[in-house]
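Thanks for making time for this. I would like to walk through a single model and take the points one by one, so please have the viewer open.

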Amino acid sequence: MSEPLVIGFETSCDETGVGIVRGHTLLADALATSSPAHERFGGVVPEIASRAHLEAMVPTVHRALAEAGLQASDVDAVAVTSGPGLTGALLVGVAAAKAYALALDKPLYGVNHLAAHVAVDELQHGPLAEPSIAMLVSGGHSSLLLVPDLAQEVQSLGRTIDDAAGEAFDKVARVLGLPFPGGPPLDRAARDGDPRAIAFPRGLTGPRDPAYDFSFSGLKTAVARWIEARERAGEPVPVADVAASFQEAVADVLTAKAVRACKDHGVDHLVLGGGVAANSRLRALAEERCAAAGIVLRVPSPKLCTDNGAMVAALGSRLVAAGVAPSAPDLGADSSLPIDVVSR
Ligand code: KG4
Ligand code: ZN
């Protein structure tokens, strides 16, 4: 018998994602985004995101099925992000997944969005080494995880105490006059800059600071103050140098903490995920430092790093293979689902 076919629904933020996998093989990854609708607000507006999910949900399911050349009745299990994320946005995906599971009479798996960001790498690089350390950096989260068993046991080692890494990129980009979301244009601007031009602070890196927690709010403020001072003095702002120096500060802290977590826990595999894992400097520095420390680095391609349905299907597939019990039919959305709850 071939491996089960799993469809995954993702609606925790502004991307409506529907992915289809069989085992570790990706068959379809359909995406709709409401990102442009949030642009003028400089951040995701929950009501706009929920409404957009509602409109995009069914057409995105149809696109995914067409891409895979399958019928809904071919599906063996339905997986959906049940948290963490925006409540109203999550509810659209959960309601849709419940409806499909009920109509098709197939098991339903409510999964954790963060664990799904880790699971997606299996579609590209095969079974995850366990234990692995995972670092998830996006617009909504910045977390260091210890993953002894992706289907059942994920532990939080640290997280951001203020802004998420992607949020810092978005806010600094805004101050520099770059478009939203700011990560990609800032990454591009930084290519022509000097990462050593300005010594921006590295948050929470003192000897008494928590080893695995992050803080980006001080860095963001330092960049804003530095720019203000230049403007007050009537001097031009060297956008490329500011971008490169800011990006260096973020990449330095993230990679140092991730490598330290691997060493402290005797783990020799590191997985990156989340939109910020697309950052060119973060990837390069992570490669350099992992190679020096004898750690195997796994980074999914940028399209799989950002929110998508394939990651949810990938985790669903892992749960089915591990024989984890499906969710109850009254599965709800939990905006603050703890990371140690992989599925519920
Ligand atoms: O994972 P994601 O698509 O959505 C969530 O927030 O869950 O991540 C989006 C974030 C945004 O803040 C965006 O600016 C950032 O990822 N990002 C980047 C890059 N590409 C996307 N940040 C830095 N460098 C990039 N190349
Ligand atoms: Zn995410």
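**Helix packing, ligand and backbone**

Let me start with a pair of helices: α6 and α9 are roughly antiparallel to each other, a label given to angles over 145 degrees, whereas angles under 35 count as roughly parallel, 65 to 115 as roughly perpendicular and the rest as oblique. This is a predicted model, in which local features need pLDDT of at least 70 and side-chain atom pairs count only at pLDDT 80 or more, while totals for chains, interfaces and linings use all residues. Residues are numbered from 1 along each chain as its sequence is written, chains are lettered from A and ligands numbered from 1 in the order in which they are written, and side-chain values use heavy atoms, with hydrogens and water left out.

The axes of α6, residues 165-175, and α9, residues 239-264, come within 11 Å and cross at roughly 170 degrees; axes here are lines fitted to C-alpha atoms over the stretch in contact, and angles run from 0 to 180 degrees between N-to-C directions. Helices are DSSP runs of H or I with at least four residues, and strands are runs of E with at least two, numbered from the N terminus. On the α6 side A168, F169 and V172 meet F246, Q247 and V250 of α9, where contact means heavy atoms within 4.5 Å.

Turning to the ligand, 19 residues surround ligand 1, and the closest are G139, D170, G183, D187 and G275, with a residue counted if one of its heavy atoms lies within 4 Å. For polar contacts, meaning pairs of N or O atoms within 3.5 Å, an oxygen atom of ligand 1 is 2.8 Å from a polar backbone atom of G139, and a polar side-chain atom of D187 lies 2.9 Å from a nitrogen atom of ligand 1. An oxygen atom of ligand 1 is also 3.4 Å from an N or O atom in the side chain of S138.

Which backbone features deserve a look? The peptide bond from G83 to P84 is cis, with omega near -10 degrees, and P84 sits in the loop between β4 (77-83) and α3 (87-104). The bond from F180 to P181 is cis, with omega near -10 degrees, and P181 is in the loop between α6 and α7 (183-190). Finally, D105, in the loop between α3 and β5 (108-112), has a positive phi of about 55 degrees although it is not a glycine.

Notes. Polar contact = N/O pair within 3.5 Å; in protein donor to acceptor, adjacent residues only side chain to side chain.
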